[in-house]
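Here are some exercises to work through with the model open beside you. Try each task before you read its solution.

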Amino acid sequence: MINYAAREINCKIVYYGPGLGGKTTNLEHIYGKVKPDTRGKLISLATETERTLFFDFLPVDLGTIRGFNTRFHLYTVPGQVYYNASRKLILKNVDGVVFVADSQIERMEANLESMQNLYDNMAEYGYDLTKIPFVVQYNKRDLPNAAPVSELQAALNPGWEHHEPAKARVTPDPYHAGENLIDQLPTGEWVEKAPYFEAVAIEGDGVFDTLKAVSKLVLKALA
Amino acid sequence: MTNPGAATWSFDEEDLAALTQTVDKFLADTGAHSALIADRSGQLVATMGRPLDFDPMVFATLTAADFSANDQLARLIGETDFTTLFHQGEKESMYVADVARRLILVTLFDNRTPIGLVRLKMKPVVEELTAHLDRAFSRARESGTTQPNILAGAGDEIDELFNW
């Protein structure tokens with residue numbers, strides 16, 4: 001929402017992903033690191049065992065542009081499968097999505113299910129995930145059973161075909177040298193992938209890179 | 001394809017003044033001490049009346065979530081939606097009303113204000129707020145644009161903003 005009266009741009013970013021993947025940990029780290037006068041309270045609606053029940057919420061100011069304060073409302077959804085009704089509610093009017101994948105090889109199925117669930121829930125609102133700011137985070141890279149990033153990419157971020165002439169060019173990934181976000185297949189189709197980041201959210205690694213990337217995409221979508 | 005989020009919603013001073021005036025009169029008529037307007041996705045639009053001693057942004061988020069969850073409950077039991085919610089406390093209560101499925105009006109009052117009066121005065125207030133919103137959107141449609149795009153051509157500035 002752009003509030004011209006208050007000179008504020010308010011954007012909503014939702015962290016999605018399977019249960020215990022690190023969504024809440026991302027927000028907790030952001031809360032702990034940003035200056036207190038640039039953030040609000042971290043609200044966590046959780047169960048007694050600290051599993052997200054409804055959502056976590058953290059408002060963060062990320063700076064001023066052209067006289068407008070940019071305020072990002074960060075939400076996480078509950079990852080456990082049976083909380084789908086709640087996830088749908090939180091996704092309403094989203095501006096950008098971060099998918100927090102659990103890199104552990106045993107969680108590949110859960111990652112896939114959650115990604116499909118994200119596409120399905122977005123589609124119910126008439127939103128196209130391939131057309132809104134979307135970033136993938138591969139969390140828990142420090143664990144010994146973490147799957148290779150290439151495997152995770154192939155499973156969760158293989159890319160989608162696009163038909164936009166403006167994007168019909170090989171586009172390097174600004175975050176990974178030698179890799180491309182937009183490529184052309186030998187058969188001629190143009191395929192685009194979401195930017196991705198490796199993370200160890202519990203240590204903070206990759207958390208701000210992810211947030212910056214999705215926030216930048218959100219503002220550029222408005223520009 | 002629907003474009004969700006920030007680009008679909010904007011307020012200018014004129015819109016805000018109209019909403020504020022209507023709600024201020026409602027507060028005076030009912031004796032309720034404060035009000036808050038949020039959009040359905042939980043973004044705070046405005047507060048009126050006595051300054052709040054809690055974070056209104058958090059309140060807006062939780063209210064929208066509460067309202068949305070109750071909407072879904074309504075559908076499960078065969079209703080289209082619940083247009084109002086009432087939470088009664090020992091000293092403080094809140095009455096939440098949907099406005100044109102775009103905004104939520106929260107009225108906060110203590111036990112000197114009868115709930116019946118709030119309910120009675122709520123319907124014309126919602127109608128007036130709906131009319132304000134309709135005018136704002138009609139104006140935007142007629143002019144062909146909601147507001148000048150404040151971020152037009154701001155690509156480099158956006159890159160700079162995130163250079164930390």
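## Chain B, element by element

Chain B has 4 helices and 6 strands; helices (H or I, at least four residues) and strands (E, at least two) are DSSP runs, numbered from the N terminus. This is a predicted model, in which local features need pLDDT of at least 70, side-chain atom pairs count only at pLDDT 80 or more, and totals for chains, interfaces and linings use all residues. Residues are numbered from 1 along each chain as its sequence is written, while chains are lettered from A and ligands numbered from 1 in the order in which they are written.

**Exercise 1.** Write down the order of the elements of chain B from the N terminus on.

**Exercise 2.** Find B:Arg139 and decide whether it is buried, partly exposed or exposed.

*Solution.* Start with the element: B:Arg139 sits in helix α3 of chain B, residues 115–143. Next, recall the cut-offs: a residue is buried if 20 or more other C-beta atoms lie within 10 Å of its own, exposed if 12 or fewer, and partly exposed in between, with C-beta atoms placed from the backbone. B:Arg139 has 13 C-beta neighbours inside 10 Å, so it counts as partly exposed. To finish, look along the chain: B:Asp156 is 17 residues away in sequence, and the two C-alpha atoms are 32 Å apart.

## The sheet in chain A

**Exercise 3.** Trace the open sheet of 4 strands in chain A and name its edge strands.

*Solution.* First, the strand order is β8-β11-β10-β9, with antiparallel pairing; two strands pair if DSSP finds at least two bridges between them. Then turn to the edges: β8 (160–162) and β9 (171–172) of chain A each have a single partner strand, so one side of each lacks a neighbour in the sheet. Finally, check one pair: β8(A) is joined to β11 (residues 190–192) of chain A by 3 bridges, and A:His162 is opposite A:Trp190 in β11(A).

## Where the chains meet

**Exercise 4.** Describe the side of chain A that touches chain B.

*Solution.* Begin with the count: 41 residues of chain A are in contact with 36 residues of chain B, where contact means that C-beta atoms, placed from the backbone, lie within 7 Å. Elements giving two or more residues to this side of chain A include β2 (8–16), β4 (52–65) and α5 (207–222). Of these contributors, β4(A) gives the most, with 7 residues.

Conventions
Contact = placed C-beta atoms within 7 Å.
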